[in-house]
Amino acid sequence: MGVAQKNTSLGFVVMTFGPSYSYSLIRMYDRRWIDGEAPKALQYYCLYVFLLAVNGHVTGVLKFLSSDFESGTVEAFMYSVATEEQLQRANVLSFIFSMIYLGQNALLRQSAGAVGLVVANSLSILSDFVECCC
């Protein structure tokens, strides 16, 4: 099993069991945080860890399915092998998604607190999937 597969497997375990045990973990760490938003934020963070773990796999598959194989199969290598036109399009998309991220980060942080911040980061990872697909 490769490093990426181990990473994804660990992310899947965290996503599966983390939300159920977040309250217990917070309680063991410091009981003062139980009444706040920490358990809920940790539940959402477990899902975010899974998104981070599969980031390389999903972007690689999406890039492979959406265009020719030579344009790169992983987001990290896309910039090293892309043509000038592909780089310009990727930079424009990166700018657009960055502005969307800043807006949703501000809105979700104000409305949902720490949970909103985790959700905004999760949406940012999902936008990376979309960016890699285009």
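**Salt bridge.** I started with the rule: a salt bridge is a side-chain nitrogen of Lys or Arg within 4 Å of a carboxyl oxygen of Asp or Glu. By this rule I get a count of one salt bridge. It joins Asp30 and Arg32, whose closest N and O atoms are 2.6 Å apart. As background, side chains of opposite charge can pair when their charged atoms come close.

I then looked up how covered the two partners are. I use buried for under 20% relative accessible area, exposed for over 50%, and partly exposed for in between, with a 1.4 Å probe and protein chains only. Asp30 counts as buried because its relative accessible area is 17%, whereas Arg32 is exposed at 66%.

**Ground rules.** This is a predicted model, so I note that local features need pLDDT of at least 70 and side-chain atom pairs count only at pLDDT 80 or more, while totals for chains, interfaces and linings use all residues. Residues are numbered from 1 along each chain as its sequence is written, and side-chain values use heavy atoms, with hydrogens and water left out.

**Overall layout.** I find five helices and zero strands in the protein chain, so the order from the N terminus reads α-α-α-α-α (helices are DSSP runs of H or I with at least four residues, strands are E runs of at least two, numbered from the N terminus). Of the 134 residues, 31% count as buried. The chain exposes about 8600 Å², and carbon and sulfur atoms supply 66% of that (areas come from the Shrake-Rupley method with a 1.4 Å probe; for residues, only the protein chains shown count as cover).

For contacts I use heavy atoms within 4.5 Å. Among contacts with a separation of 6 or more, 57% are between residues 24 or more positions apart.

**Helix 1.** Ser22 is in helix 1, residues 3-29, and it counts as buried because its relative accessibility is 0%. Leaving out residues up to four places away in sequence, I see Ser22 touching Pro39, Leu42 and Gln43. Phe17 is in helix 1 too, but Phe17 counts as partly exposed because its relative accessibility is 49%. Its C-alpha atom is 8.5 Å from that of Cys46, 29 residues away along the chain.

I also checked the record: an unreviewed UniProt entry lists residues 12-30 and 42-66 as "transmembrane region". UniProt positions are given in the numbering used here, feature names are shortened, and annotations may be inferred rather than shown by experiment. In the model, residues 12-30 are 95% helix and 0% strand, with end C-alpha atoms 26 Å apart.

**Core.** Which residues form the largest nonpolar core? There are seven: Tyr48, Phe50, Leu51, Val54, Val118, Ile125 and Phe129. Helix 2 (38-66) and helix 5 (114-133) are the elements that give two or more residues to this core, and helix 2 gives the largest share, four residues. (A nonpolar core is a set of buried Ala, Val, Leu, Ile, Met, Phe, Trp, Tyr and Cys residues joined through side-chain atoms within 4.5 Å.) Val118 is in contact with Ala41, Tyr44, Tyr45 and Tyr48, leaving aside neighbours within four places in sequence.

**Surface patch.** Val92, Phe95, Ile96, Met99, Ile100 and Leu102 form a nonpolar surface patch with about 570 Å² of accessible area together. Patches take residues with over 30% relative accessible area and no salt bridge, joining like charges within 9 Å and nonpolar side chains (Val, Leu, Ile, Met, Phe, Trp, Tyr) within 5 Å. Met99 is in helix 4, residues 84-112, and counts as partly exposed because its relative accessibility is 41%.
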